[in-house]
Amino acid sequence: VQSYISRSLDPYLNLSIEHYLLSKSSADSTILFIYKNKPSIVIGRNQNPWQEINLPRLRGVKSGEIAALSGLETIDIVRRRSGGGTVFHDEGNINWSVICPPANFSRDKHAEMVVRALRGLGVGRARVNERHDIVLDQGPDSQKREDVPNKDTHRTPFTVDDQSAPAPLKVSGSAYKLTRMRSLHHATCLLSSPNLKVIPQYLRSPLKKHLTARGVESVSSPVGNIGVDLDSFVGAVETQFEKMYGEKTQMTECGDELLEEPFVKKGYEELKSLDWIYGQTPQFTI
Amino acid sequence: MLLVGTKVSHFPSRGVIHGRRQHIPRATFATTRRLDVVKPFLLADIGEGITECQIIQWFVAPGARVEQFDKICEVQSDKASVEITSRFDGIIKKLYYEKDDVAKVGKPLLDIDIQGEIGPEDEAVVAGGEEQPQEKTDKKTTIEEVQVKSETISKHDEGKATIQEQDSSAVGQRGKAATLATPAVRRITKELNVEITDVQGTGKDGRVLKEDVQKFALARQEQGQPSAQAAAAPIPQAIGEDKVMSLTAVQSAMFKTMTRSLSIPHFLYTDTVDFSSLNILRKKANARTTASQQPQAKLSALPFIIKAVSIALSEHPHLNAHLDTSDPSKPKMNHRASHNIGIAVDSPSGLLVPVIRNVQSHSIASIAAEIVRLSTLAQSGKLAPKDFEGATFTVSNVGSIGGGVVSPVIVSPQVAILGVGRARAVPAFGEAGEVVRREECIFSWAADHRVVDGAGVARCADRVRGLLEGLEEMLVNMR
């Protein structure tokens, strides 16, 4: 059982470190890895950037035609190796990732772990939804708080089944990569992003209705911030992780020095290459 | 050959292990006896009730040689990207999908020519004599390198060391080609004629020790006696090969339709109908047709049956209905005015069910003509899609081939179906108790018990029987 935290804000490096941990770690180990990225848009392995991202806007920002909001002067485009949809990363968003043997793996297991961490920090509205994402229920504060036991990570006292009620706000999206020996589950977590209002502008592509594409389309959800500070979150997740696996771990820092490891360097170059980011798009027609 | 070089060359590498496997090269040995079995490798269930996923990339191409646990392809479904690895050693023969295609779970992904284990194994250990010294030194080098690496790593901070040490243990745990063993152990395996990959290692990191090999050889000897006797008796071989056939278009349609029918609770009601008077009338009518040399079809029993069913359906409209379950909380029955009766036709491409429309307005002769027309089109494969639409009831005359009591399956959204068996001559009792010859046919009715009850079907079936046994009745009620 090991846990790591990255000092780097480079999304390509962090994903390469994650891939290194996935490929090279011992088959029976379980690893927690936490990292933060500078502003970037991360698309899934099999997605279409023209369909998911407002590329003209990004280019406009780069060339200075469109004034960028503070902190968003450069936004990287990254294609990760796991599946799923498109997410916006910035420094108010924390990414957590768990790598474990397939025998112990289930899609909800670690999402539930993080929900327990959040509830421990007083975020009673957090729960895991049917798509294995973490959402904050928006239902009214009802009196029947005692009815829903705190152990149930899929319901909160604020859960309303009524379709007309305000939809829960998504705060974390999950994606998976499954190999023969290892299973990886990673997810985002919006703690305190200043860019919530801006995200839709970048993730709505003007080309979308003109494209017929194979590949995975994103499922849009309204998003919200959890409102917890970074260190508390990391501490709570680490505690829950140790509790789940019954072992104390020393969270080890890592960062740029891992670029010296050839496997990491190779993965890093691959993720940065245009051929990977754009060339790996499945067939589509305009 | 293999794309995306994740594999080392087939010869023992003198280089540093990057967590890769060393193995005894099979390709170097002459004439290996192989079980040439080309098997389709199915896309395994990846859980979560997922039925299909998209191929992101292939790691192999037809003609490529793969080993067990080599990466075959990467697929994507919803949020997960999954690496599929090979179950066998062998050569890829055919890929069923291209990149970006959607692959179905449980269906073949590719065909692989599996390399049988028997021949190569024996020859490997024997012919491997000359190779051994070379391998031994290489193995030694690599083992030393692993140890050196571990030592140097331990000087770095702990975090990385854990990864590196566990790296070599991961090697030990991986597939059967991971054979960490000292040269001494390898000599013993050669002496005792043991394949090292068969031996369970009890040493550090799963290494095979001398005792493991010796124990294995001993155990194998004890097994050897009975197995030698078994080998004496000839093993019955299968004649011919297993074949995997995907469904034809007609079969696929049948599959889809009948799968929908699974939700219908069927009940069966059978009845015997006396065809004696019907057959007398038919023979008379057909004799007249032949004599008149008119281009009219000879009448079989089927047009009579269909007309009788139509007359009965006018009196029992709930059997000529469509069940509408689009709103599961409010199921509805749409009683249909037209009697569009589907007739099951056996064609070269399989079971087809074209529809005779508005049987209530047809005469028996025109029904017979329709049957001939539709059958001819079916035999030549020229039926149009509209010939299959809108059936409100189905009659399946399997009796033209054979059958007694049959259990037909209702075609959704219809609520009933009639299966007709073969008419046979049977002895029966006349009015004075004398034995008479009768021609009997068994009618098997199936109905949807969610909306039809036994009494409803029984009455309708009885009406049909009455009409066919007493054709005067049919004449009187003909429209």
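In which sense do β10(A) and strand β5 of chain B pair, and over how many bridges? The two strands run in the parallel sense and pair over three bridges. Strand β5 covers residues 80-85 of chain B. Two strands count as paired if DSSP finds at least two bridges between them. Helices (H or I, at least four residues) and strands (E, at least two) are DSSP runs, numbered from the N terminus. Within β5(B), B:Val82 is the bridge partner of A:Leu178.

The model is predicted: local features need pLDDT of at least 70, side-chain atom pairs count only at pLDDT 80 or more, and totals for chains, interfaces and linings use all residues. Residues are numbered from 1 along each chain as its sequence is written, chains are lettered from A and ligands numbered from 1 in the order in which they are written, and side-chain values use heavy atoms, with hydrogens and water left out.

The size of an interface is often given as the accessible area lost when the parts come together. Chains A and B bury about 2800 Å² between them, 45% of it on carbon and sulfur atoms. Buried area is the accessible area (1.4 Å probe) that two parts lose on being put together, summed over both. In contact (heavy atoms within 4.5 Å) are 35 residues of chain A and 27 residues of chain B.

Four salt bridges cross the interface of chain A and chain B. A salt bridge needs a side-chain nitrogen of Lys or Arg within 4 Å of a carboxyl oxygen of Asp or Glu. The side chains of A:Asp133 and B:Lys79 form a salt bridge, at 2.8 Å from N to O. On the side of chain A that touches chain B, β1 (2-6), α1 (11-24) and β10 (174-178) each supply at least two residues. β10(A) gives the most, with five residues.

Most residues other than glycine have a negative phi, and most peptide bonds are trans. A:His132 is not a glycine, yet has a positive phi of about 65°. A:His132 sits in the loop between β7 (126-128) and β8 (134-136) of chain A. A:His132 counts as buried (under 20% relative accessible area, with exposed over 50% and partly exposed in between; 1.4 Å probe, protein chains only) because its relative accessibility is 8%. B:Asp100, also not a glycine, has a positive phi near 80°. B:Asp100 lies in the loop between β6 (90-95) and β7 (102-104) of chain B. At 4% relative accessibility, B:Asp100 is buried. A cis peptide bond links B:Ser412 to B:Pro413, with omega about 5°.
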